[in-house]
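Student: I have a model open. Can you show me how to read its packing, its domains and its ligand site?

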Amino acid sequence: ETTRVGIVGGGPAGLMLSHLLALAGIDSVVVEVRERAVIERTHRAGILERDSVRMLVDAGLDRVLRDGHEHRGIDLRFGGASHRVDFADLVGASTWLYPQTDVFLDLADARERDGGDVRWGVTDVEVSGVTRDPADRPVVAFTDAEGRRREVHCEVVVGSDGSRGTCRDLVPEASRRRSFREYPFAWFGILAQAPRTLDELVYARGPEGFVLVSSRTDEVQRMYVQCDPADRVEDWSDDRIWSTLQAGVAGDDGLALAEGPILERTVLPFRSFVQEPMRWGALVLAGDAAHTVPPTGAKGLNLALADVRVLAEALERTLLGDDADALDAYSARALERVWRTQHFSYWMTTLLHRLPGASAFDERRQLAELETLASSRAASTHLAECYTGWPTG
Ligand code: DHB
């Protein structure tokens, strides 16, 4: 078999790329080791930047405008008080609550409707033929869901196989740089059967550290509390979860979260990671395959979509316009946003979490930073700009 672009990984990055390439008349084959139904049941973040929404709508995927919820700000809580950061007022932008699962569903449906070539549930994916020379043709080999071994010959391979993917290992050690950061905390995330308490998100620095209150539907709420990375789900009783959440958001306005049965519990890992460059020979990386951000600020999906926006354009110029340099520019252009996003996610994380063993100085300094953020229009504007997303042009 042959195609122009072989895409390893059928998450939002791989599917969106395949969708945009199809709109430009470029064939691709997507291979994904998970079954579609498994991805549909995976809970990820829920906030879309302004331009992520625009990208979906421009690509003909406008369910977000009907089923999503526009958020014009966030509630920043610390020291027992609420401070609203009004994105609409500060930067004339908003974000949308629309779970990644729904973005995935929209993309998977669109690929199916348009006759896109997506192979779910494949095994033993092996990419070969990637060398320093971009003219060398790579091959994506895999065993399909019926057990047949297949080989897809392509001009470019896109590694969009996520944070545990292996495509990035195809770049020899001497030709890449990996940057890591670990954090001494993690999130304990729950889905609870309860009504929505607030229409917008709460980001709080509570007595036990970070608390985030988000939502999924009118009946199901998504919440996170800071925990130890070594915690197991059994370590947290329902009482402990609710009391940590309630204490985290408590304030002089008497805010109390509606409680209900906990439907799901997960400990979410925290780390920062970047592999550079994002292109080597005929291999390009996109999304979590190239970079991971800690979840604070919900940038993971948005950054993956931003990569894809730049990559789709570069591939069009390379494959339709014979502009061999276009793909070269992809890595540098994407990495600029990747690093700005790394900084923002790191900053939001360190701003709101309690560092185990923090000194009195550290604690007071952190509260002072939050005070500055909440009381200065310039500082709040910075947060609003980063959170709603830098313009993508
Ligand atoms: C959600 C997750 C985040 O990391 C965040 O910053 C905001 C919302 C969520 O799951 O809804």
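Tutor: We take the helix pair, then the domains, then the ligand. This is a predicted model: local features need pLDDT of at least 70, side-chain atom pairs count only at pLDDT 80 or more, and totals for chains, interfaces and linings use all residues. Residues are numbered from 1 along each chain as its sequence is written.

Student: How do helix 1 and helix 6 cross?

Tutor: Two packed helices are described by the angle and the distance between their axes. Here helix 1 (residues 12-23) and helix 6 (residues 100-113) have axes that come within 9 Å and cross at roughly 35°. Their crossing is left-handed.

Student: Which residues make that contact?

Tutor: Helix 1 gives Pro12, Leu15, Met16, Ser18 and His19. Helix 6 gives Gln100, Val103, Phe104, Leu107, Ala108, Ala110 and Arg111. Contact means C-beta atoms, placed from the backbone, within 7 Å. By class, eight are nonpolar, three polar and one charged.

Student: Into which domains is the protein divided?

Tutor: Domain 1 covers 5-46 + 99-182 + 271-348, and domain 2 covers 186-270 + 354-388. The bounds come from an automatic or database domain assignment. Over C-alpha atoms, their centres are 31 Å apart. Eight residues from domain 1 and eleven residues from domain 2 form the contact.

Student: Where does the ligand lie?

Tutor: The ligand lies between domain 1 and domain 2, because both give residues to its shell. Among the surrounding residues are Ala45, Leu201, Arg222 and Thr296. A residue counts as near if its C-beta atom, placed from the backbone, lies within 6 Å. The shell has six nonpolar, four polar and one charged.

Note on methods:
Axes are lines fitted to C-alpha atoms, for helices over the stretch in contact, and angles run from 0 to 180 degrees between N-to-C directions. Helices (H or I, at least four residues) and strands (E, at least two) are DSSP runs, numbered from the N terminus. A crossing is left-handed if the near helix is turned anticlockwise from the far one by less than a right angle, and right-handed if clockwise. Two residues are in contact if their C-beta atoms, placed from the backbone, lie within 7 Å. Ala, Val, Leu, Ile, Met, Phe, Trp, Tyr, Cys and Pro count as nonpolar, Asp, Glu, Lys and Arg as charged, and the others, Gly among them, as polar.
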